[in-house]
Amino acid sequence: MNRFICIHGHFYQPPRESPWLEAIEIQDSAFPYHDWNERVSSECYAANAVSRIWDTEGRIVQLVNNYVNISFNFGPTVLLWMQKYATEAYEAILEADRRSVEKFSGHGSAMAQAYNHMILPLANSRDKKTQIIWGIKDFEYRFGRKPEGLWLPETAVDLETLDIMAQQEIGFAILSPSQARRVRSVGGDKWQDVSGGRIDPGMPYRVSLPSGSVMNLFFYDGSISHALAFEGLLNSGEAFAKRLLSAFPDGSSSPRLVHIATDGESYGHHHRGGDMALAHALHYIESNGLAQLTNYGGYLADHPPTHEVEIFENSSWSCAHGIERWRSDCGCNSGGHPGWNQTWRAPLRAALDWLRDAVTPAYEQLAERLLSDPRAARDDYIDIIVDRAPERISAFLSRHATRPLNSEDEITVLNLMELQRHLMLMYTSCGWFFDELSGIETVQDIKYAGRVLQLADQLFSEPLEPAFLDHLELAKSNMPEHRDGRTIYEKLVRPVMLDMKDVGAHYALSSLFQDIGERSSIYAYSATREDYRSFQVGGSKLVIGRATVTSEITRISSSLCFGVLHLGDHSIACGTGEYQGAQKYEALAKEISAAFAGADFPKTILLLGKYFGTSTYSLTSLFADERRKVLDIIMGPTLREAEAAYSSIYEHHAPLIRFLTGTGTPRPIVLSVAADLCLNAKLRRVLQGDGLDSQVVRPLLEEARLAGAILDEAALGMLLKINIERLARQALEQCEDLSCMERLNKAAKLVRTLPFEINLWQIQNICYKILHTKWADFKKKAGLGDKKAQEWIRNCTEVSENFKLQVPQAE
C-alpha cells in the first residue's frame, strides 16, 4: 500500500512550578483538580493513554493507547511533572513508544523537544545549543533511545538551529507549510516558488545548512490541521478519518504521506472527547485497510527526500509575522481584549536579554575556578535535572570539577547550575504569547528571572536587581493597577521569593497542626528537628525550637531557631532567625516561655519581635497548600457549628420551605441557605459512606428537589467518583469476595439515577480490567453450576451495563 497517514500531537504545558518550591501550588481555577497540569493531564494525557472504542450501542468494546499509533512529542518539563504526579499516564507514554518501535520497523513514534519551549531563533547560539542538548538528553533518559526527530517550539526555525540539531544527530523536524519558500528536485536547477503554504505536504524534503550538513523536513497539511484545531473536525471520529483520506489524490499509485500536526491538547482538553475521536479515526482507517499508519522516522527510512527546500527563516506556525509575537506588538494576540496592546513584549525581552548578558561573564569567571569547562558543565547539568539522586550529583561533580571540592564549593557549583537553569526557564515562550504583561504565564517567566537575581546576589558581588528593574519598568501593563514591569515584580514576584528563614517559618507554623517528626520534607527542602518545646495555657499554645533547613536542590543549609504563638483560630505569630549558639537560644526560650506561662500574651508577642526582629510571620506565611489544610482544621469546629444551626432551621421549617418552592414563592435567603447547606451535607455523608444504595440516596435527592436546594454537583460528583473507584478496586483485588461486586453493582445502579454527571473514566478503566482478567474464569465456573460464580456474573453484567461496557463475547 502506498497510502500513509501520520498524526502528530505536540503535547505541552508551560512550567508552572514555583522557582523556589519546585512544585505547583494549588490553583483554584482548575477545580475540581489541584492545578492545571493535573486537569490537562486527566482530560488529555491520561485520556489518550486509555482511550475508548465504542460499539453502535454506546458501549466500550476496547481501551486503546493512542500514543502507539501516532507521532508525538511531550515537553520535557511536562514529563518531569508527570513522572511524579501522573505516574500511570507517564508509564503508558513510555510503553507506547516501545510498542511503536516494534510496530514501525524499529522507529519509535516519540520525538524530542527543545527543553523548555524557548523560541530558538530569538536565542543566542549558546542557549540554542543547550536547549537542544537538554531536550535530547531528557528524551534519552526517559525513552531509553536516541531521538530521530526534534520538535521546534512553535515550529520557530532558523538555519542555525537546524544546523545545531544536525550536529546533535537529529534527523528531521516538522514545520508549517507556510514556512517553505521554494523547492526543487534533488540535483535539479529550477526552483519552484511554494510560498503562501503551497508546498506539497505529501513527501519529506531536505534543506541544506550553512555547515554543509542537511536536515530532513516534513511540512504538515495545513488545511486539515486547522480544521482539527478550530473547525470541529473532532466532533466525529469517522468524519476525521474521511477528511484525512480525502487528501490522497485519486488514481495515484506513488507513495504519499498525509500528515497533520496540532497541539496534542486538542485531543481531550481543548475538545472534550477528542481522544475518542482520534481513537475511532485510527481504528476506522486501520481496521478497514484504507491506509497504512506510520510515523515520521519510519516513513523517512523507506522514502528518503527526492526534493530539497529553502525555508523562510525566523518563521513559526502561530505568528503570521514570523516570530514577532515573541518580541513585538505585531498584532497577534488571543483576541479577548481589543483595546489592549502588546508593546510590553519588546522591553520584557530586552530586560531578560540584559540579565542574561550581565550574568554570563560573572558566571564564567566564578565557574572557571571550579569547573574545567563551565559551558560543557551547563550542557551536562540536565543529567541532574532529570534525577537529583546523590550519586548522580557526585558523578556530575567528579566529571566537571577541576579538583576535589569541599561542601562549600559543591554548593557554589550547584547554585551556578541552578542560575543557568533559571536563565533558560525565563525564556519560556508562553510569557509573550498572550495579551498582558501581568498574565500568569508572563509573571511566571519574571519569577524565573527573580530566582536568577536571588542566586546571582548570593554568588556575585555586584547587585543586578536595580538595573534589571530599570529595564523591566519600560514594559507597560494594559491594566492601570499594574502600571509596568517593576510594579508587577514588586507586587507579584518579590512577595513569593523565599529564603531559608521563610522555609523555617513554614516548618514552625506547620508544627502546630501536625506531627513533624525528626525529619520533614517541605517541597524542595528538608528540615531536621534539633529541639522542640511545647507549652500550653488554656486554649493557647507556644512552641519554641531549632531546626536545620536544607535545600534538596543546591544543598545549602541553615540552622534556625523559631518561636510560634497560637492564640486560637487564625491568630498566630511566628518568628525565625539564625541559630546563634546554645546560650542565646536558651535565653530566648526562657524569657518567651516565662511570659507565656504567665498568660502575658502581649509581652510574648513583643518578645518574639525582640528576638526575631523583622523576621516575623503569620498564618499567611504558610505555603498555599499547607495553609489550606491548616485553615480547614481551624475552621472545622466553626463549620460544624454553622451546619448544625442551619440544619436545625431547615428541619424545623422544611414543610414551609417546600410549600414556598412548590408555589413558586421566593424564599427568604436564610431559608434557601439552610436548605442548601443541610441537604448537601446529608448527601455528602451518604455518598462518602460504604453503603452506596439508590434506595437511600433517591429520597434525599427528591427532598432536595422539593426544597429547591441547589446541589454542589462538582463536589458531590467528586466524592462519589472517589468512593466508586475505591469499590471498583476492591472488586478487582478481592474478586473472590462476592460482596465486593455486589457493593459495586449497587453503586453502578445509583449512578444512573443521579441528576448530575460523575467522571466515570477511571471507574470504567478498572471495570474493563475486571472484565478482561476475571470474567472468563467466573464464566467457566458459572457454566459448571457454581452458584457464587453465577451471582458474580449477574452482578458484573449489571455493572457493565450501567457503566457502558461491553461484556466479553464467548469465543
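Buried means under 20% relative accessible area, exposed over 50%, and partly exposed in between (1.4 Å probe, protein chains only). Helices (H or I, at least four residues) and strands (E, at least two) are DSSP runs, numbered from the N terminus.

This is a predicted model, in which local features need pLDDT of at least 70 and side-chain atom pairs count only at pLDDT 80 or more, while totals for chains, interfaces and linings use all residues. Residues are numbered from 1 along each chain as its sequence is written, and side-chain values use heavy atoms, with hydrogens and water left out.

## Nonpolar cores

M82 and F240 have the most contacts inside the largest nonpolar core, which has 171 residues. Helix α16 (residues 440–459) gives the most to this core, with nine residues. Apart from it lies another core, of 58 residues, among them L754, F756, C767 and Y768. A nonpolar core is a set of buried Ala, Val, Leu, Ile, Met, Phe, Trp, Tyr and Cys residues joined through side-chain atoms within 4.5 Å. In soluble globular proteins, nonpolar side chains tend to be buried together.

Leaving aside neighbours within four places in sequence, M82 is in contact (heavy atoms within 4.5 Å) with S41, Y45, F74, T87, A89, Y90 and I93.

## D138 in helix α4

D138 is found in helix α4 (residues 125–143). With 3% relative accessibility, D138 counts as buried. The side chains of D138 and R142 are joined by a polar contact of 2.9 Å. A polar contact is a pair of N or O atoms within 3.5 Å; within protein, one must be able to donate a hydrogen and the other to accept it, and residues adjacent in sequence count only if both atoms are side-chain atoms. Not counting residues up to four places away in sequence, D138 touches P76, Y115, I382 and V386.

## Two helix pairs

Helix α7 (residues 237–245) packs against helix α8 (residues 274–287) at an angle of about 55°, with the axes 7 Å apart. Axes are lines fitted to C-alpha atoms, for helices over the stretch in contact, and angles run from 0 to 180 degrees between N-to-C directions. α7 and α8 are therefore oblique to each other. Angles under 35 degrees count as roughly parallel, over 145 as roughly antiparallel, 65 to 115 as roughly perpendicular and the rest as oblique. The crossing of α7 and α8 is right-handed. A crossing is left-handed if the near helix is turned anticlockwise from the far one by less than a right angle, and right-handed if clockwise. F240 is one of the α7 residues that meet α8.

The axes of helix α20 (residues 582–597) and helix α21 (residues 601–612) come within 8 Å and cross at roughly 165°, and α20 and α21 are therefore roughly antiparallel to each other. Their crossing is left-handed. The α20 side of the contact is made by A587, L588, E591, I592, A595 and F596.

## Backbone exceptions

Most residues other than glycine have a negative phi, and most peptide bonds are trans. The peptide bond from F31 to P32 is cis, with omega near 10°, and P32 lies in the loop between β1 (3–11) and α1.

E154, not a glycine, has a positive phi of about 60°. E154 lies in the loop between β6 (150–151) and α5 (159–167) and, at 11% relative accessibility, counts as buried. D569 is not a glycine either and has a positive phi of about 50°; D569 sits in the loop between β18 (557–566) and β19 (572–578).
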